[in-house]
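Subject: Structure handover

Hello,

Here is the structure we discussed. Please open it before reading on.

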Amino acid sequence: MAATYEDRGPIQNFRIEMSIFYIVYFIVFPFFFVNIFVALIIITFQEQGEAELQDGEIDKNQKSCIDFTIGARPLERYMPKNRNTFKYKVWRIVVSTPFEYFIMMLIVFNTLLLMMKYHNQGDMYEKSLKYINMGFTGMFSVETVLKIIGFGVKYSGCTLDGIWGNY
């Protein structure tokens, strides 16, 4: 962005359009082409699978196994047995959609907070960021404790947000 003419020194923000070029070139195009590549792979496998089914090269048992696998869903999710307990009430909170959205907002705000650091920042600014980050860490710790209470230790694996949050 600072490059000027041949045999001339750099000037800050001389060619802003180059930043747009690099964003498009290194972020947008690779993302677009990766999506196209993945879509082509999926379409190819679907076509090959349908061709296998139509050619009759597999028997009924194999076809039923494929159909079962395609339609398979988890049979159950964890839920406390007794609905009158504190554990059930906490479980209801941690599996609720508003709670998941709240945690997602905390993650986004914490990420933005971490991006607010810069070189030669003032001491007051640095301390403020530090204490706000500690507050976020405390809230994430509360989320962890609530999920351990709600799900129990047995079901409180590291995949809670990935699996239990999206049912």
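Below are notes on confidence, annotated regions and helix packing.

This is a predicted model, where local features need pLDDT of at least 70, side-chain atom pairs count only at pLDDT 80 or more, and totals for chains, interfaces and linings use all residues. Residues are numbered from 1 along each chain as its sequence is written, and side-chain values use heavy atoms, with hydrogens and water left out.

Confidence. The protein chain averages a pLDDT of 82 (the predictor's confidence in each residue, from 0 to 100). At least 70 is reached by 85% of the residues. Residues 158–167 stay under 50, and the model has 16 contacts for them beyond four places in sequence. Contact means heavy atoms within 4.5 Å. Where pLDDT is low, the predicted coordinates should not be read in detail.

Annotation. An unreviewed UniProt entry marks residues 20–45 and 90–115 as "transmembrane region"; such annotations may be inferred rather than shown by experiment. Residues 20–45 are 100% helix and 0% strand, with end C-alpha atoms 36 Å apart. Residues 90–115 are 92% helix and 0% strand, with the ends 33 Å apart by C-alpha atoms. Helices (H or I, at least four residues) and strands (E, at least two) are DSSP runs, numbered from the N terminus.

Helix 4 and helix 5. Helix 4 (residues 97–115) packs on helix 5 at about 155 degrees, with axes 10 Å apart. Helix 4 is therefore roughly antiparallel to helix 5 (angles over 145 degrees; they run from 0 to 180 degrees between N-to-C directions, with axes fitted to C-alpha atoms over the stretch in contact). The contact includes F99, I103 and L106 of helix 4 and L129, I132 and F136 of helix 5. Its residues divide into 13 nonpolar, two polar and three charged.

Helix 3 and helix 5. Helix 3 (residues 86–94) and helix 5 (residues 123–151) pack at about 125 degrees, axes 7 Å apart. F86, K87, V90, W91 and V94 in helix 3 meet L146, K147, I149, G150 and F151 in helix 5.

Regards

Technical notes
Angles under 35 degrees count as roughly parallel, over 145 as roughly antiparallel, 65 to 115 as roughly perpendicular and the rest as oblique. Ala, Val, Leu, Ile, Met, Phe, Trp, Tyr, Cys and Pro count as nonpolar, Asp, Glu, Lys and Arg as charged, and the others, Gly among them, as polar.
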